Amino acid sequence: MSDERFARLPETRRRGLEKMEQVYGFTMSDGDGDFFGYTADHLFADIWNRPGLSDRDRRLLLIGLLAGQGAHDVLTIQIPAAVAAGELDADALREIVIFLCHYAGWPVGARLNSLVEETIAKSR
């Protein structure tokens, strides 16, 4: 089902923006510049739509990578979006924290735990 807001855009951009909305959980609009173009047209239209992994699988990989890099700013988007999409529940999120603490380090895990608990509280 195609979003009418994106009907006049090239097919690749439309697919990318629709996937971005699905992954991020908020409304997207088209953007300018090469960085936005590669993000929408390649990362989301192509990579996030490839067969072989589910969106949940991709999200789990991304959360692990972001936690390991200390990219808390992006985790504040990905964790709530995973809950909103029904990909991860409270039990799974808490298990992710425990697992990642042992690989990414306790301070990283503690910060992730705070975000997870905030997200769970807001989702109730």
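I began with the lining of the largest pocket, whose residues divide into 10 nonpolar, 2 polar and no charged. The model I am reading is a predicted one.

**Entry: the pocket**

I looked up the volume and found that about 200 Å³ of space lies in the largest pocket. I then listed the residues that line it: Tyr24, Phe26, Phe35, Phe36, Thr39, Leu43, Phe44, Trp48, Leu62, Val74, Ile77 and Gln78. Which helix gives the most to this lining? I found that α2 does, with 5 residues. Both α2, residues 33-44, and α4 supply at least two residues each.

**Entry: the chain as a whole**

I stepped back to the overall layout. The C-alpha trace spans about 45 × 30 × 30 Å along its principal axes. How many of the residues count as buried? I noted 37% of the 124 residues. I also checked the contacts with a separation of 6 or more, and residues 24 or more positions apart account for 47% of them.

**Entry: helix α2**

I wrote down its buried residues as Phe36, Gly37, Thr39, Ala40 and Phe44. They cover an arc of only 160° around the axis, so they sit on the same side of α2. A general point goes with this: an α-helix has 3.6 residues a turn, so residues three or four places apart point the same way. Which exposed residues does the face turned away from the buried side carry? I found Asp34, Phe35 and Tyr38 there. Going back to the pocket list, I saw that Phe35 also lines the largest pocket, as do the buried residues Phe36, Thr39 and Phe44. What covers the buried residues of α2 includes α1, residues 11-24.

**Entry: Phe26**

I took Phe26 next, as one of the lining residues of the pocket. Phe26 is in the loop between α1 and α2. Is Phe26 buried, exposed or partly exposed? Its relative accessibility is 41%, so I put Phe26 down as partly exposed. Leaving aside its neighbours within four places in sequence, I found Phe26 in contact with Glu21 and Ile77. Ile77 is itself one of the residues lining the pocket. I also looked up the distance from Phe26 to Gly86: they are 60 residues apart in sequence, and their C-alpha atoms are 14 Å apart in space.

**Entry: helix α6**

I moved on to α6, residues 106-123. This helix has 18 residues and reaches 25 Å from its first C-alpha to its last, close to the 26 Å expected at 1.5 Å a residue. Its buried residues are Gly109, Leu112, Leu115, Val116, Thr119 and Ile120. Seen down the axis of α6, these fall within an arc of 135°, so I recorded them as lining one face of the helix. On the other side of α6, I found Trp106, Pro107, Ala121 and Lys122 exposed. Where does the cover for the buried residues come from? I noted that it includes α3 (55-69), α4 (72-84) and α5 (90-104).

**Entry: residues around α6**

I checked Val116, which is in α6. At 1% relative accessibility, Val116 counts as buried. Its contacts, leaving aside neighbours within four places in sequence, are with Ile79, Leu93, Arg94 and Val97. For a distance across the model I took Val116 and Tyr38: they are 78 residues apart along the chain, and their C-alpha atoms are separated by 30 Å.

His72 is in helix α4. I put His72 down as buried, because its relative accessibility is 18% and the cut-off for buried is under 20%. With neighbours within four places set aside, I found His72 in contact with Arg111 and Leu115. Leu115 is also among the buried residues of α6.

Last I looked at Asp91, which lies in helix α5. Is Asp91 buried or exposed? I noted 59% relative accessibility, so Asp91 counts as exposed. Asp91 and Ile120 are 29 residues apart along the chain, and their C-alpha atoms are separated by 9.7 Å.

Notes:
Residues are numbered from 1 along each chain as its sequence is written. This is a predicted model: local features need pLDDT of at least 70, side-chain atom pairs count only at pLDDT 80 or more; totals for chains, interfaces and linings use all residues. Side-chain values use heavy atoms; hydrogens and water are left out. Helices (H or I, at least four residues) and strands (E, at least two) are DSSP runs, numbered from the N terminus. The expected span of a helix is 1.5 Å times one less than its number of residues. Buried means under 20% relative accessible area, exposed over 50%, partly exposed in between (1.4 Å probe, protein chains only). The arc is that of the directions from the helix axis to the C-beta atoms. Contact means heavy atoms within 4.5 Å. On a 1 Å grid over the protein atoms alone, a cavity is a set of points where a 1.4 Å probe fits but cannot get out, and a pocket is an open set with protein on both sides within 12 Å along at least five of seven lines; lining residues have an atom within 4 Å of a point. Grid points are joined across faces, edges and corners, and a volume is the space filled by probe spheres set on the points. Ala, Val, Leu, Ile, Met, Phe, Trp, Tyr, Cys and Pro count as nonpolar, Asp, Glu, Lys and Arg as charged, and the others, Gly among them, as polar.
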